[in-house]
Amino acid sequence: MPSFLTHNFSELPEEFYTFQDWQGFDNPKIIIENHAMKKMLGMEDTDHQELLKIFNGVKKIDSLKPLSMVYSGHQFGQYVEQLGDGRGLLFAQINSNEGLLDIHLKGAGKTPYSRFGDGRAVLRSTIREYLCGEAMHALSIPTSRALMIIGSDEMVVREKSESAAMLVRTAKTHIRFGSFEYFHYNNKPEHVKALADFCINSYPQYFSRTTNAYEDFFRVIVKETANMIAHWQACGFNHGVMNTDNMSILGETFDYGPYGFMEDYNPNHVCNHSDHQGRYAFKNQPYIGLWNCSALGHALSSLISEESQGKILQTYEAIFQDTLAELYRKKLGLELAKPEDATLIQGLLDIMESEKLDYTNTFRNLTQALAEEHSPELHSEISKSWVVSFLERHSKETLSKDKRLKLMNQVNPKFILRNYMAQEAIEAAEVNDFSMLETLMIVITQPFEELIEHEKFANKSPIWAKDIEISCSS
Ligand code: AMP
Ligand code: MG
């Protein structure tokens, strides 16, 4: 039996959550389980049928007190008074070799925060979330990750009728920007303080009780957010629903919905079909990250003066820019920082945009330009003058060319999770064929390997995939 711990969030007053039993499925089945995650949680010897019984609620662990958390948040810029875990449940905490992790069930039935929802998640969205967590993790981007998906024969209605499923998710925290906003806008400064104190005490790897503890707390959140979004930009990840209720205070990517990895480079790309204004377009993500931090700052205004908030928010841009510049330098295989690097990278992005080049493959193929110092294929796509500047810039590096080439292949993925890949896995899983899902797991968890036998997944998406529309419904 895994050693689940009662979540310490339950030590907070009951205004923060509702203790909650959950609704398992009548005929549950395991769609996929994450062996790497099981190992990390010391569960490698736990039989999956036992886990299924535990998470489906058949085998109760009496000591645990699962709860649904309350929060609110700004959705597409508008404040929404009450959200909360409408279909989620904070099940327990567990020790891992990376510290304490939350175990959360998504799609576990109705809660007091369900509003008009049915409390369920659909198989489609749980598969998308499962795959993306693993893909992001393999790219070294902070993220929640899933432990398993439990499928059912229960049907629920979205745009059409779909099968319901439950995602067993892990994350360092499920406390969101919106958790603070809820108490701030309900005029409960004592609860804002209690929550900040709780975070400072619970996440010592991030926060500490300094003399300016709340300022420092906010400073760390701003830093982690800027860092997370710099990583998104570098790998071409578009989150799609950067509402403040989907922003973790520890800067982990989570609540995957209509996300997408950019294919043809287009800074105006909007992956969420429901985002008509393009608020969460790829190029807006850095600004929205800052906007969300300032919304959090506002929610902390009983603890931090406006002046201090302003100063802390001002740190965001430099952290974001410096992190992104460093990530881009690495993608170009450059170890040293030179003043001309910004122009070099912008030059490449401009070419990618005007030539509609695949973001992932263009970076991956840059090694050819460096290795051969002449690549007919690449030269036809990328202007000769850019390649000349690229090679000229490389001549200033001190590391051997072989090492630079190796480093480039360790940061520029060959494989990303293209929407059509997830779509194929979903369509197969809906008729009980999980082989595609398993194959994709092999590919996306080794994004930097050559994997010749899976070469086709490194290609641009097929034409039919252009019609896939990803909406918020999940
Ligand atoms: P999301 O778009 O998944 O981040 O969800 C936004 C809010 O809607 C959260 O409070 C969710 O808990 C809630 N929600 C989304 N889908 C459902 C559902 N099917 N049933 C109940 N609540 C839901
Ligand atoms: Mg959410």
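1. Basis. In this predicted model, local features need pLDDT of at least 70 and side-chain atom pairs count only at pLDDT 80 or more, while totals for chains, interfaces and linings use all residues. Residues are numbered from 1 along each chain as its sequence is written, chains are lettered from A and ligands numbered from 1 in the order in which they are written, and side-chain values use heavy atoms, with hydrogens and water left out.

2. Largest pocket. A pocket is an open set of points on a 1 Å grid over the protein atoms alone, with protein on both sides within 12 Å along at least five of seven lines. The largest pocket has a volume of about 890 Å³, a volume being the space filled by probe spheres set on the points, which are joined across faces, edges and corners. Its lining (residues with an atom within 4 Å of a point) has 37 residues, of which Q75, R87, R115, C472 and S474 are the closest to the centre.

3. Make-up of that lining. Helix α3 gives the largest share, three residues; β7 (99–106) and β10 (161–171) are also among the elements that each supply at least two. Helices (H or I, at least four residues) and strands (E, at least two) are DSSP runs, numbered from the N terminus. By class, the lining of the largest pocket has eleven nonpolar, 14 polar and twelve charged residues. Ala, Val, Leu, Ile, Met, Phe, Trp, Tyr, Cys and Pro count as nonpolar, Asp, Glu, Lys and Arg as charged, and the others, Gly among them, as polar.

4. Cavities. A cavity is a set of grid points where a 1.4 Å probe fits but cannot get out. Two cavities of 30 Å³ or more are counted. The largest, of about 40 Å³, is lined by R124, S125, R128, G257, P258, I470, S471, S473 and S474; two of these residues are nonpolar, five polar and two charged.

5. Second largest cavity. Its lining consists of A234, C235, K331, Y359, T360, F363 and P413.

6. Helix pair. The axes (lines fitted to C-alpha atoms over the stretch in contact, with angles from 0 to 180 degrees between N-to-C directions) of α3 (residues 123–138) and α15 (residues 419–430) come within 10 Å and cross at roughly 135°. In contact (heavy atoms within 4.5 Å) are L123, R124, I127, R128 and L131 of α3 with N419, A422, A425, I426, A429 and E430 of α15.
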